[in-house]
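Work through the exercises below with the sequence and the model at hand. Each task is followed by a stepwise solution.

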Amino acid sequence: MSRRDTIIAYADKQLPVYRQIALEIHGKPEVSNYEFFACETLSRQLEKEGFTVRTDVAGHRTGFDARYASGKPGPVLVFLAEYDALIGLGHACGHNIFGATSALAASCLKQVIDEVGGEVRVYGTPGEEGGENGSAKGSFVREGFLRDVDAALCAHPGAHKHELTKKTLGCAPVDIEFHGRSAHAAAAPEKGINALDALILTYNGINALRQHLTDDVRIHGIIVNGGDAPNIVPDYAKAKFYLRAATAPVLDDVYNKVERIVEGAAAMTGATGSMRPYQNRVENTVLTPSFDEVFRRCMESLGEKLSTEEEAAPMGSSDVGNISQVVPTIQPSVSITDAYIPHHTEAYRDAACSEKGLASIALGAKALALTALELIEDPALLAAIKAEHAANVREQ
């Protein structure tokens with residue numbers, strides 16, 4: 001049996017196991033920093049597959065690092081696993097499928113890696129959707145988990161079509177806070193310093209800034225604390241904002257501009273203001289088209305076709321961008337629905353446990369593992385992909 005046939009056969013054989021894992025994770029949705037069940041379930045399965053697994057890594061108690069080294073020289077390839085849910089919506093982004101697909105892909109590649117050489121890893125990265133200690137991939141980069149990695153792979157559940165890796169926006173999630181001084185709002189308002197006024201000035205200042213920003217920039221936020229009672233001058237106010245942009249330099253510039261708005265609002269009201277990140281910054285995704293083309297070939301060899309539609313302007317963010325800043329990375333989409341369904345909806349949550357959704361685990365795993373195999377078997381191809389990636393990082 002060829003290596004390719006071995007990978008395909010193993011994916012089909014193990015699909016029932018990983019299908020059940022995806023269903024169980026779907027039935028117990030957990031948000032960022034609380035994915036205890038998902039982390040344990042995927043880690044335990046990877047241990048059964050022969051990987052050495054560590055949990056509580058990179059500063060994330062629900063993160064994991066699974067490794068299998070062949071003992072022969074070769075590249076280090078990592079499959080990225082996501083398994084967090086959305087607050088109030090459960091797995092309406094399909095990360096129950098995402099994690100299962102990456103774990104199965106790594107297990108498929110492991111079936112042949114002793115023969116071809118190299119090392120296969122799975123990094124369990126919590127909180128892609130953000131939240132408490134969210135966007136873990138930034139931590140994996142910062143803590144050195146990518147220093148010896150040659151390339152990273154994963155596949156996201158898609159809607160009605162298969163697609164190659166898309167551009168994403170960088171995102172800086174920030175808390176904006178003001179501290180003032182409380183006073184009786186009717187009897188002695190002159191003795192107060194209104195923190196809410198400072199926050200509203202900031203909100204309006206950001207709205208005024210929008211007309212002077214490039215089309216790739218998105219800023220959106222909410223007020224989470226505006227005071228306790230109408231008859232008390234608010235001495236504390238807080239908002240959460242996402243600052244997004246297509247490249248790191250533009251995001252840096254936007255961050256500085258919003259920070260100056262906060263400083264100005266503080267000066268105008270006498271309140272004390274601050275702006276600081278409340279989780280890891282998410283970077284924009286650097287594309288490596290030649291890497292995606294390998295995935296396309298592998299999908300087509302499995303009888304699948306990928307969309308050829310021109311990509312629209314990037315609108316969302318993903319911490320896969322942090323990985324893509326340091327190593328060649330792909331995150332194509334594998335369809336789980338017959339018709340278009342928006343992500344982050346109840347309908348998409350249902351699709352993430354549908355027959356087509358569960359069947360996509362084997363398809364995605366086969367295509368990812370075959371893509372990884374090509375990189376191992378063809379060192380010149382991997383070198384060209386790495387060179388293209390390095391050039392694209394410099395040029396962004």
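A residue counts as buried under 20% relative accessible area, as exposed over 50% and as partly exposed in between, with a 1.4 Å probe and protein chains only. The model is predicted, so local features need pLDDT of at least 70 and side-chain atom pairs pLDDT 80 or more, while totals for chains, interfaces and linings use all residues. Residues are numbered from 1 along each chain as its sequence is written, and side-chain values use heavy atoms, without hydrogens and water.

**Exercise 1.** Classify Tyr123 and Phe140 as buried or exposed.

Step 1. Tyr123 has 0% relative accessibility and therefore counts as buried.
Step 2. Phe140 also has 0% relative accessibility, so Phe140 is buried.

**Exercise 2.** Describe the ring pair of Tyr123 and Phe140.

Step 1. Rings of Phe, Tyr and Trp (its six-membered ring) pair if their centres lie within 6.5 Å; planes under 30 degrees apart are stacked, over 60 edge-to-face, the rest tilted.
Step 2. The structure holds seven aromatic pairs.
Step 3. In one of them, Tyr123 and Phe140 lie 5.3 Å centre to centre with 40° between the planes, a tilted pair.
Step 4. Tyr123 belongs to strand β4 (residues 119-124) and Phe140 to helix α4 (residues 137-142), so the pair ties together parts 17 residues apart in sequence. Helices (H or I, at least four residues) and strands (E, at least two) are DSSP runs, numbered from the N terminus.
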